[in-house]
Number of protein chains: 2
Amino acid sequence: MPITDPTRFVLMHTSHAGNVGAAARAIKVMGFGDLVLVQPRFADMLARDEALAYASGATDVLERARVVDTLAQALDGVTHACATAMTPRDFGAPAQAPRAALPALAAAGQRVAFVFGGERHGMANEDVWRCHSVLSIPTAPDYGSLNLAQAVQLIAYEWRQAVGSFDVVPATPPPQWADAQAVQGTLAHWREALVAVRYLDPAAPKKLLPRLNQLANRLQLTREEVHILRGVARAMQECAAAAGGDRGSKDDTVAGPGLH
Amino acid sequence: MPITDPTRFVLMHTSHAGNVGAAARAIKVMGFGDLVLVQPRFADMLARDEALAYASGATDVLERARVVDTLAQALDGVTHACATAMTPRDFGAPAQAPRAALPALAAAGQRVAFVFGGERHGMANEDVWRCHSVLSIPTAPDYGSLNLAQAVQLIAYEWRQAVGSFDVVPATPPPQWADAQAVQGTLAHWREALVAVRYLDPAAPKKLLPRLNQLANRLQLTREEVHILRGVARAMQECAAAAGGDRGSKDDTVAGPGLH
């Protein structure tokens with residue numbers, strides 16, 4: 001899938017090449033690819049070894065990225081610039097949590113840029129003023145220091161969720177659930193088997209059966225697991241049959257507290 | 001605020017000390033602090049320079065972290081282990097998106113651990129099976145390669161949102177909005193001023209006033225901005241008075257297309 005989303009990510013006054021590379025990777029995994037640097041610490045920031053290493057498979061984002069001198073130059077074609085600010089400002093649009101603010105922005109049909117300040121001081125006040133809205137990621141009151149690339153990752157993720165998320169890759173095959181009839185049949189089979197192995201006394205069943213039924217419901221068994229449980233019950237019955245009826249009185253062998 | 005949340009983050013077979021440090025920082029900014037490493041590449045992983053550098057202000061999380069040999073050892077006290085898996089598995093709980101799965105888990109009263117595999121291959125299949133649920137972060141179909149610390153950051157963020165988010169730090173003072181009466185008064189003042197400077201011809205106002213009214217509503221003016229706009233209107237009126245009535249015929253000076 002080629003990246004066609006026009007969302008732009010703008011990094012201002014970035015100091016660490018590793019963060020630039022990690023930011024490129026962070027936006028690419030969320031399906032974005034437009035990166036602009038404003039006055040990075042090094043002129044060759046996009047080509048530095050550390051940037052390339054941290055970009056991993058996202059070096060194409062670095063290759064297409066631009067370096068410019070001002071925020072205004074970074075915002076050509078952009079109709080709505082979101083500042084990110086983690087520290088208080090004298091002035092500017094009210095700070096909003098990404099999850100609260102981004103769905104409405106996604107629905108507004110704007111061409112959006114997200115703007116991130118440098119590692120040490122964040123965005124300059126005069127650049128916050130130039131933006132249409134201000135995002136602040138909710139963090140722990142005693143330690144709110146997000147790494148720059150981590151902040152880019154969270155905003156890219158939230159924006160992807162807002163504009164339409166990708167599907168979850170089915171990491172596991174879909175389960176084949178057993179229907180309730182199959183589960184009840186299994187429980188009836190286990191009841192017989194538990195009597196055969198003398199764990200359950202049919203004359204004094206106590207609450208064992210309702211407990212096993214609740215356990216089975218909570219298990220949400222698959223069809224394969226029903227086969228396994230049926231097999232175990234069958235093995236118990238066969239074992240009891242092989243042991244015969246001469247194993248002494250039931251009272252000696254009935255199990256202890258267990259599920260009773 | 002001391003960290004009292006019992007949520008645990010388990011990193012298995014981690015190779016890079018920088019990722020361990022960045023993960024410590026990632027969980028601390030979201031108010032968590034319980035980190036366990038299972039068989040990291042280096043025995044001194046928690047004390048390596050790179051881990052400490054990337055932890056930034058979260059070295060206390062590294063100091064309290066444990067190193068163990070097996071996933072089972074990492075899960076003492078945990079009642080629900082969430083695997084993270086970005087690649088398909090033969091077997092295991094169905095993969096769910098964090099945003100879909102975590103609110104119900106947060107409400108279930110479990111003691112939760114999130115488990116992350118190594119940088120290269122993710123979690124081993126036999127460790128995925130040991131977990132109660134599987135999370136998969138939705139990423140771009142053509143490039144889903146999240147950095148380990150970024151994955152930890154996103155899960156920590158989503159879990160924080162699910163269990164109860166921190167407030168957004170008010171990065172800017174709350175705006176003092178102007179009420180609609182003040183805005184209408186300002187528009188009336190501007191109407192007079194625009195007539196005085198001969199931008200508006202009262203005999204042929206066209207759609208200028210409704211357009212300015214719509215613009216003013218969209219602006220959502222603050223009280224301070226109303227004062228500024230009133231001041232500009234006053235300056236226009238004073239300028240027109242100083243220029244007197246002898247600037248030639250109105251027809252020569254009326255403005256061009258503009259907002260008409």
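Residues are numbered from 1 along each chain as its sequence is written, and chains are lettered from A and ligands numbered from 1 in the order in which they are written. Local features of this predicted model need pLDDT of at least 70, side-chain atom pairs count only at pLDDT 80 or more, and totals for chains, interfaces and linings use all residues, while side-chain values use heavy atoms, with hydrogens and water left out.

Chain A contains an open sheet of 7 strands in the order β3-β2-β1-β6-β4-β7-β5, with parallel pairing. Helices (H or I, at least four residues) and strands (E, at least two) are DSSP runs numbered from the N terminus, and two strands pair if DSSP finds at least two bridges between them. The edge strands of chain A are β3 (66–68) and β5 (95–96), each pairing on one side only. Strand β5(A) runs parallel to β7(A) (residues 133–135) over 2 bridges, with A:Q96 opposite A:L135. Helix α5(A) (residues 98–107) packs on the sheet and touches β4 (80–84), β5, β6 (112–116) and β7 of chain A, contact meaning heavy atoms within 4.5 Å. The direction of α5(A) makes about 140° with that of β7(A); axes are lines fitted to C-alpha atoms, for helices over the stretch in contact, and angles run from 0 to 180 degrees between N-to-C directions.

Strand β1(A) is mostly covered, with 5 of its 5 residues buried, where buried means under 20% relative accessible area, exposed over 50% and partly exposed in between (1.4 Å probe, protein chains only). In a regular strand the side chains alternate between the two faces of the sheet. Accordingly, A:R8, A:V10 and A:M12 point one way from β1(A), and A:F9 and A:L11 point the other way. Strand β1(A) is joined to the parallel β2(A) by 5 bridges, and A:F9 stands opposite A:L35. The β-α-β crossover from β1(A) through α1(A) to β2(A) is right-handed: with the strands pointing away from the viewer, the path from the first strand over the helix to the second runs clockwise. Pairing of β1(A) with β6(A) is also parallel, over 4 bridges, and A:L11 has A:F116 as its bridge partner.

In chain B, strand β1 (residues 8–12) is largely enclosed by the rest of the structure, because 5 of its 5 residues are buried. Parallel pairing joins β1(B) to β2(B) (residues 34–38) over 5 bridges and to β6(B) (residues 112–116) over 4 bridges. B:M12 stands opposite B:V38, and B:R8 has B:A113 as its bridge partner.

Helix α10(B) (residues 223–243) has 21 residues and should span 30 Å at 1.5 Å a residue, which agrees with the 30 Å between its end C-alpha atoms; the expected span is 1.5 Å times one less than the number of residues. Within α10(B), B:V226, B:A233, B:M236 and B:A240 are buried. These residues lie on the same side of α10(B), because they cover an arc of only 85° around the axis, the arc being that of the directions from the helix axis to the C-beta atoms. The face turned away from the buried side carries exposed residues, including B:E224 and B:H227. Helix α8(B) (180–196) is included in what covers the buried residues.

B:T139 lies in the loop between β7(B) (133–135) and α7(B) (148–163) and is buried, with a relative accessible area of 5%. Among the residues that B:T139 touches are A:V29, A:M30 and A:F166 as well as B:M86.

Terms used
Lists of a residue's contacts leave out its neighbours within four places in sequence.
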